[in-house]
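Here is a short report on one protein model. Keep the structure open beside the text and find each residue as it comes up.

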Amino acid sequence: MTTRQRIVLNLKDFPVTLAQAMKDLTTQKSEHDTNLLYATAELFEKLSPSLEFHKVPAQTRFNLYEDGTSYCYFVRDGWFSIHHSADPVLLGKLQLPGIIGIGGAIPESAGLYIESKVESEVAISTVPEMHALINELDLWEMLSKHIFRMTGSIFTKGVLLTGSTSYEIMRFHLLELINEPDAIRNSTVAATYVQQKTRLSRSTIMKILAQLKQGGYVTLENGILKEVHKLPLKY
């Protein structure tokens with residue numbers, strides 16, 4: 001197996017303030033963010049010919065580590081959520097095209113796994129196999145940009161969960177929900193979506209949602225988020 005190239009991330013380029021993390025998701029996509037997203041899509045495209053995709057039913061679970069081997073996953077269609085086995089909080093979902101685990105930097109003790117929420121199309125490989133292919137195709141720069149984007153997203157959510165008020169956390173996740181694909185947003189109760197991704201109590205979530213609906217900041221139908229109007233930074 002070829003020697004793995006070291007990837008160095010410059011933390012100065014990460015979002016470092018809560019104000020930055022709380023920007024509307026519809027407006028915070030800078031040219032830099034877009035380029036990183038394209039790098040993920042291009043990496044997916046370059047590796048896809050060497051992958052074998054197959055369909056899996058909803059509620060299929062894949063571990064990032066299995067019997068001491070690290071795995072990575074490529075999602076071409078569907079919806080996968082990301083979880084931590086020791087924590088009920090939903091960490092996020094894979095955007096399409098989705099790649100997870102390819103960096104090989106997540107320790108086995110993290111207990112991360114992904115789960116299909118609908119019928120999905122996925123390819124599976126071991127991390128050493130992918131790193132050998134990346135080395136053969138000279139795709140390390142694309143991989144580093146993909147890892148940079150994923151790490152930045154995790155950092156932003158970490159800042160939000162540890163240093164924000166209940167409303168700020170709610171605001172972030174409502175903006176995230178309204179930007180989900182229609183198939184996801186229209187089948188997900190807003191309160192459940194927020195509760196799965198945070199440690200807020202259901203009573204707190206319902207109270208804030210009721211106040212936002214009464215104030216005309218959001219439109220909810222049977223608990224489904226239909227519209228988000230201009231949400232104040234503080235409430």
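## The second largest pocket

The lining of the second largest pocket has five nonpolar, seven polar and four charged residues. Ala, Val, Leu, Ile, Met, Phe, Trp, Tyr, Cys and Pro count as nonpolar; Asp, Glu, Lys and Arg count as charged; the others, Gly among them, count as polar. The volume of this pocket is about 240 Å³. Of its 16 lining residues, Trp 79, Leu 90, Lys 117, Thr 188 and Gln 196 are the closest to its centre. Three elements each supply at least two lining residues: β5 (80-84), β6 (87-93) and α7 (190-197).

A pocket is an open set of points on a 1 Å grid over the protein atoms alone, where a 1.4 Å probe fits, with protein on both sides within 12 Å along at least five of seven lines. Lining residues have an atom within 4 Å of a point. Grid points are joined across faces, edges and corners, and the volume is the space filled by probe spheres set on the points. Helices (H or I, at least four residues) and strands (E, at least two) are DSSP runs, numbered from the N terminus.

## About the model

This is a predicted model: local features need pLDDT of at least 70, side-chain atom pairs count only at pLDDT 80 or more, and totals for chains, interfaces and linings use all residues. Residues are numbered from 1 along each chain as its sequence is written, and side-chain values use heavy atoms, with hydrogens and water left out.

## Aromatic pairs

How many aromatic pairs does the structure hold? It holds four. Rings of Phe, Tyr and Trp (its six-membered ring) pair if their centres lie within 6.5 Å; planes under 30 degrees apart count as stacked, over 60 as edge-to-face and the rest as tilted.

The ring centres of Phe 44 and Phe 53 are 5.9 Å apart, and their planes meet at 35 degrees, so this pair is tilted. Phe 44 is buried, at 6% relative accessible area. Phe 53 is buried too, at 14%. Buried means under 20%, exposed over 50%, and partly exposed in between (1.4 Å probe, protein chains only).

Phe 62 and Tyr 73 have ring centres 5.2 Å apart and planes at 35 degrees, so they are also tilted. Phe 62 lies in strand β2 (residues 61-63) and Tyr 73 in strand β4 (residues 69-77), so the pair ties together parts 11 residues apart in sequence. Both Phe 62 and Tyr 73 are buried.

## A buried threonine

Thr 40 is in helix α2 (residues 31-47). Thr 40 is buried, with a relative accessible area of 2%.
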